[in-house]
Every structure is written in C-alpha cells, then in structure tokens.
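Here is a short briefing to read alongside the model.

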Amino acid sequence: MIPRIALVGMPNVGKTALFNKLTGSFQRVANFPGVTVEKKTGWISEGGEKIIEVIDLPGIYSLDATTLDEKVTKDFLLKKESQSSADLFVLVLDATNLEKSLFLAFQLKQLGYPLIIALNLFDEAKKRQLSLNLEEFAKQLNAVVVPTSASTGEGVADLVKALKVELGKKQKVELHVPEHAQKVFRSPAYVNGIFKSIDGLLKDVTISPLRPDTFSERIDGLVLHPVWGIVILFSLLILVFQTLFTWASPLMDMIEAMFGSMGELASTYISNELLKSLIVDGIISGVGGVLVFLPQIVLLFLFIQFLEDLGYLGRAAFLMDSFMRRIGLPGKSVIPLLSSHACAIPGILSTRVIDNYRERLITMLVIPLTTCSARLPVYAILIGALIPNVAVFGLPWLKLPGLVLFGLYMLGFVSALVVSLVFKKTLPHSSPSMLLMELPPYRVPKLKNLLLVMKNKAMIFLKKAGGIILVISVVIWVLVTFPQKDGVSHIEESYAASIGRVFEPVFKPLGFDWRITTALIPSVGAREVVVSALSMVLSIEEGAEGFEKNMSAALVQQFGLGTLVALLIWFVFAPQCISTFAVMKRETDSMKWPIIMVTYTLTLAYLFAFLARTIVNLWS
C-alpha cells in the first residue's frame, strides 16, 4: 500500500507551491468526504512509479478553526473523518514569519503526530540575514527540519529523502487530543503558554535575527494609502482592460485565419452539402467563433495570477476593507469578487475564507454581477459594433473600446456592491467578522508559474469548447438548418425561429426579436455561445477573415443602436450559466438561494436593458 503524507500549514507559506514541486503532473482534485471543500491529491514518483501519496490540506492558522476550509483541516488532524488519516505530516513553515508559523507547530507537537518540518522561503530568509541553529530547532520540536524554497525547488530533493527515511520507520501514531479540545484551544492559558514556548525556542535557535522587510514596508506606504492606493488600484484595472484589446488582437487574428483555412479545406473535400454545412457552419464556425476570444480570456487569467503572485491581491482586500464593511461585506470578499472576473465558480468557492455565514452568503449572491471571462466574447462583438476604435485625449495607448470595457466591468462590480447593501438591510443580522490575514512580502512572479497557469486555464477552456460549446453549436445548427424544403434551409421557418418566436413577445420591449431570443437560450449553458448562435441566425461565416467586423456591421444594420445597447446591458446583469447555479446550490445546500440569485439578476437585466434602450432611442 502506498504510504500517505499530508501537507499542513498557514495560508501564504508556499504549501501548495511545494505540493506542485513534489507531485508535478501526478495530481488530481476531488472533495473531502461529506463536504464540498476541494482536496488536492498527488503522488511523488520515481521512474514513473508512484511511491508516496500527498494530500494538500487547506491552510489553517491554528486548531481553533473558524472558516469552512480550516475546519476541514482541523477535522483531518483530529481524525473526525474516517478517511482522514496520514502516515506522516509535513508542516510547512514560513521562515520569514516564524513567530506566527510556529503556533501550529507546537499544537501538532502536543497532539503527538510524527512531523517533518519544511522550513519554506528559506532563501528569502537568508537574504534578510536570518541564521538559525537547525539542529537545535529540530531537537526542540522533535522533528526533522528541512530548509526548502518551493519557488526555486531548493531543498525539495532533500525533503523527499527525509520522507522516505521517516516513512520507513513505520511509527505508530498515538494521538493525544485533550477533552473538550475546542475549549482548551481557545483558553488564554493555553494560547499564552504556546507563545511563551515560541519565544523560548526562537531565543535558543536564532543566531542572527531576521532583518525587517523595509522594501515591502515602503511599497505598502504607497499602495495602502487611502487616496493613492485607490488611484493605483483603478489604474491597474484600466491597464488590464486596455491590454486585453491591444495585446490579444494579433493572436485573435491568427486563430481567425486558422479556422477560416480549416473551413475552406473542409469545403473543398466534402461534396455532400448537408454534411459540409454541419462541419463548416456547425462545428468549425461554432467552436471557432468562441475560440477566437481565447487570447483575451487567457490574458485576463494571466493578469489576475500575476497580481496574486506579486502579493497585491491581499493588499487590495485590506485597502477595501473599511468601505466593504459599510455595505455588508468583509474585506475578505474582495478576493472572491476579483477572482470572479475570471469565472464565477471559483469566486463562489473562494468565499469559504469568510467565516461569518451571513457575509459569505451575501458575497455568493452578488458574485454573478461581476463580469466573468465568458462574457468577454459578447462584449468584444457588441463594443466593436457600437464604439469606434479611437484614441482618448490623443493618447495612442488609451483607446475608447478599452475604456468602455472597463466601464462595463465597473458597472457590474458597483452593482454588486449596491445589491450587497440591500441584502445587508434585509437578511438577518449577525456579528460581523474581523479581517485577519497575512500580507505576504512582495515577490517577483515566476514566469514558469504564470505560463503554467495560462496553460491550465487554456486547457480548461479548450475542454469546454470541445464539450459543451461543441454540443450546443451542433444543436443550434440543427435548429437553424431544419426543417428543409426541397433540400434548402429557410431560417425564418426553422425550428430555431419557432422557439425564438415563443419568447419574442416577452423580450419585445427590449427590442429583441426571435433571432436574439434564439441566441439567448443556449447562453444558459455557456455565455460564449451567444456569438456562435447570433452568427448562425444572421448567416455570418465565423471562420472567415474579418469575422468580427462583419458580425459588428450586421448587428448594427439588423438591430439598431438602442437594441444593441440593451443587449450589452442585459449581459452585465443577466444570470450566470447553469454551472454557477449548481455550485451555488452545492455551497448553500439549498435551492432557495440559487433561485433568489437567478430571480433578482434576471429582473435587473430586464429593467436596465429596457431603460438603456429607451434612453438611447430618445437621444438618437
């Protein structure tokens, strides 16, 4: 049987980075038994053979757990789950923050678990002149101590050697959990006793103390400033949305040309007209019309990961904490709300860091108002139709479409804040949580990690394109193509038109005819598919060169300014995809809150789309 180890430690100590170094590509993600918290499992391998199973436990500050993730780790450590056991624990400590990291070390030592301590970020600690007596350190904690740097891989091989030695001893674990453990863990005498032990240990093992991180302090004086900090935050966001248009354009043109060539090649070799239409108009055009926006989506993930690796996202949460509390949200909500701009699903999952259930629920309810990356294709097409690509104030790097995109994202974010204030006034009150978080030192993001994130996000999107988007594209093609008369398709008499006309009276005040309502239906499965659906009902060839320009021109010609603005506003507020609904149900263990989420977002979308169209028509 393969031995199992578990990685445990505080958040932001590099635990997951160490997990990735140990396991490489031998990993998978599942759920802990009975709960929705994700469990990362991997294997250390030699010669392609798995030799050690590794579990990456959620970060935990102490055994006095408060958040959902922390409680899962606590239950694992105290063996409250039947499947929660490990032969050995690797405690990952932050060498640049030992005073706080060691609290958990002393708790685990008292429990009686066999430990190996990975003294991570040791390279950064040495640069700040920290020098420790590692032999005395290991002796006092009764554990093997291995200095590591997960970012560079330093010490990882030594850690694997130590793991094999310790696992070979086959130690019998005798757990010493005190009666009324939670009461004990919270008692002042217990806490003070551990801090006293930490002070004694550090005094005995420290040869040269850690030099203060004056660089981070100087930068924080600027980025956490109540005025300049806000200016920097908004400037970064504007920069991100400008680059989404400028950097992505060449890559989007390449993808467009590639799918155009594929369509031409298929047309050359397929003689059967119906089969040709399925392959070219249904599959190649359907999937290609969405994949053309892959560069923008991947770049958005890149920027979010860059800011997180840099150490900035946590500071954004700290900066916004005071303001967020006034509208019923804690500062910790900033990170789920920001990450939701990539995808609402991980945003909802990341609300687990909020220990107050009411605040967590409000955050989950307003997350769908933040603009996820799946809306980017729709925004790009509609902005191209409505907004000229001109420089603002004569600045070539500041283009009007980028500012409009930023404005749409901000509209969604501000709407989320306003709605959270409404929920604050309506949901039952509870004691507000306090913001407790470690601000990591500023670090230069590793190119390898950023490229790995881009690759993983691209693969996820490609799998989605090869799955749900492909299926929906084929279904739309069938609905648009049939029934045929004398072998000819008449879109006005197609199944798609029939379905669209059923909903047309409902959306007529918004200016949406059967073509738009037909395109909106598959967006329930995936927002991106709207572009493919519109191109099919408008008979625009997606794989052809200049697809975006042709599509934008057709939209303006067919629907007019007011209707397109209404459609743009509709997607700012409209409910997220069905996957978001499912995750919301799973996280709340109720159908009530997902239904409330869909109802209020649908209402806002209809009202504001109607208002937008009315205003535009009055002005034009």
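Leaving aside residues up to four places away in sequence, A519 touches V530, A533 and L534, where contact means heavy atoms within 4.5 Å. This is a predicted model, in which local features need pLDDT of at least 70 and side-chain atom pairs count only at pLDDT 80 or more, while totals for chains, interfaces and linings use all residues. Residues are numbered from 1 along each chain as its sequence is written, and side-chain values use heavy atoms, with hydrogens and water left out.

- A519 is found in helix α22; helices here are DSSP runs of H or I with at least four residues, strands are E runs of at least two, and both are numbered from the N terminus.
- A519 counts as buried because its relative accessibility is 1%; buried means under 20% relative accessible area, exposed over 50%, and partly exposed in between, using a 1.4 Å probe and protein chains only.
- Between A519 and A533 there are 14 residues in sequence and 4.9 Å in space, C-alpha to C-alpha.
- F259 belongs to helix α11 (residues 248-269) and is buried, at 9% relative accessibility.
- From F259 to L450 the separation is 191 residues in sequence and 27 Å in space, C-alpha to C-alpha.

**Aromatic pairs**

- The count comes to 11 aromatic pairs, taking rings of Phe, Tyr and Trp (its six-membered ring) whose centres lie within 6.5 Å; planes under 30 degrees apart count as stacked, over 60 as edge-to-face and the rest as tilted.
- One of them joins W477 and F482 edge-to-face, with 5.8 Å centre to centre and 90 degrees between the planes.
- W477 is buried at a relative accessible area of 7%, whereas F482 is partly exposed at 23% relative accessibility.
- F512 and W570 also pair edge-to-face, at 6.3 Å centre to centre and with 80 degrees between the planes.
- That pair links distant parts of the chain, 58 residues apart: F512 is in the loop between α21 (495-507) and α22 (514-520), and W570 is in helix α25 (residues 561-573).

**Charges over rings**

- K50 lies over the face of W43, 4.1 Å from the ring centre; a charge sits over a ring if NZ of Lys or CZ of Arg is within 6 Å of the ring centre and within 35 degrees of the ring normal.
- R315 has its charged end over the ring of Y442, 4.0 Å from the centre.

**Backbone angles to check**

- Most residues other than glycine have a negative phi.
- L121 has a positive phi, near 60 degrees, and lies in the loop between β6 (115-120) and α4 (122-127).
- D589 has a positive phi as well, near 55 degrees, and is found in the loop between α26 (578-588) and α27 (592-619).
- Are these two residues buried or exposed? L121 is buried, with a relative accessible area of 8%, and D589 is exposed, at 70% relative accessibility.
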